[in-house]
Amino acid sequence: MKVLGIDFGQKRIGIAVGNTSDGIAFPRESIANSPDILTVLCDLAQAEQVSRIIVGLPLNLQGGEARIVAPARNFADSLEDALLKQERAIPVDFFDERFTSKIAQQAGALLGNSHKSMRGNLDSAAAALLLESFFAYKKAQKREA
């Protein structure tokens, strides 16, 4: 099953696409969070033929909801509504995104990239990490069943 991963941000939306069969996610170019973002994402979901969308849930270190959770939830609800209006019933779910941005930043730094040079790619790298974490979680659930 093909899945679209989204790292929601007030300024930029990180995007990644992956497949549950191989558990690998590939970052796409980040998209500016603009008034037409829902249309852009609906079109992307159709073009990529995804069956599910995972939005990162920004939790704090203790597992509670960070201040950006409400905007992320509103965004996900709006995206699901926009998909339904276009007759695309694609489920939009959440998955814990703690540390994905930090890990993506550290990986880039290990490769010699500055934070400034990674700015546009960091969000999509975090989205790819989010999706790969989601795939690993689902795989572990299957083994336990």
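Reader: Let me start with a residue I clicked on: what does Glu80 touch, not counting residues up to four places away in sequence?

Author: Glu80 touches Ile90, Pro91 and Val92 once residues up to four places away in sequence are set aside. Contact here means heavy atoms within 4.5 Å. Before we go on, this is a predicted model, where local features need pLDDT of at least 70 and side-chain atom pairs count only at pLDDT 80 or more, while totals for chains, interfaces and linings use all residues. Residues are numbered from 1 along each chain as its sequence is written, and side-chain values use heavy atoms, with hydrogens and water left out.

Reader: Thanks! Where is the place of Glu80, and is Glu80 buried, exposed or partly exposed?

Author: Glu80 sits in helix 2. Its relative accessible area is 26%, so Glu80 is partly exposed. Buried means under 20% relative accessible area, exposed over 50%, and partly exposed in between, with a 1.4 Å probe and protein chains only. The C-alpha atoms of Glu80 and Asp93 are separated by 9.4 Å, and these residues are 13 apart along the chain.

Reader: Let's zoom out. How many helices and strands are there in the protein chain?

Author: The protein chain has 4 helices and 5 strands, in the pattern β-β-β-α-β-α-β-α-α along the sequence. Helices (H or I, at least four residues) and strands (E, at least two) are DSSP runs, numbered from the N terminus.

Reader: And what share of the residues count as buried?

Author: Of the 145 residues in the chain, 39% count as buried. Among contacts with a separation of 6 or more, 64% come from residues 24 or more positions apart.

Reader: Nice. Which residues touch the most other members in the largest nonpolar core?

Author: That core has 23 residues, and Ile6, Leu41, Ile53, Phe75 and Leu79 touch the most other members. The elements giving two or more residues to this core are strand 1 (2–7), strand 2 (12–19), helix 1 (37–48), strand 4 (52–57) and helix 2 (69–85). Helix 2 gives the most, with 6 residues. A nonpolar core is a set of buried Ala, Val, Leu, Ile, Met, Phe, Trp, Tyr and Cys residues joined through side-chain atoms within 4.5 Å.

Reader: Pick one for me: what does Leu41 touch?

Author: Leaving out residues up to four places away in sequence, Leu41 touches Ile6, Ile15, Ile31, Phe75 and Leu79. There is also a second, separate core of 11 residues, which includes Val3, Ala127, Ala128 and Phe134.

Reader: Now the loops. Where is Lys11 found, and which residues is Lys11 in contact with?

Author: Lys11 is in the loop between strand 1 and strand 2. Beyond its neighbours within four places in sequence, Lys11 is in contact with Ile31, Ala32 and Asn33. From C-alpha to C-alpha, Lys11 and Asn33 are 5.1 Å apart in space, though 22 residues apart in sequence.

Reader: Why does Lys11 count as exposed?

Author: Because its relative accessibility is 68%, Lys11 counts as exposed.

Reader: What about Thr20: what does that one touch?

Author: Thr20 touches Met1, Val3 and Phe135, again not counting residues up to four places away in sequence. Thr20 belongs to the loop between strand 2 and strand 3 (24–32). At 33% relative accessibility, Thr20 counts as partly exposed.

Reader: One more topic! Which residues line the second largest pocket?

Author: The lining is made of Met1, Thr20, Ser21, Asp22, Gly23, Phe135, Ala136, Lys138, Lys139 and Lys142. On a 1 Å grid over the protein atoms alone, a pocket is an open set of points where a 1.4 Å probe fits, with protein on both sides within 12 Å along at least five of seven lines, and lining residues have an atom within 4 Å of a point.

Reader: Last one, I promise: what is the phi of Gln49 near?

Author: Phi of Gln49 is near 55°, a positive value in a residue other than glycine. Gln49 lies in the loop between helix 1 and strand 4. Glu87, which is not a glycine, has a positive phi of about 60°, and Glu87 is found in the loop between helix 2 and strand 5 (92–96).
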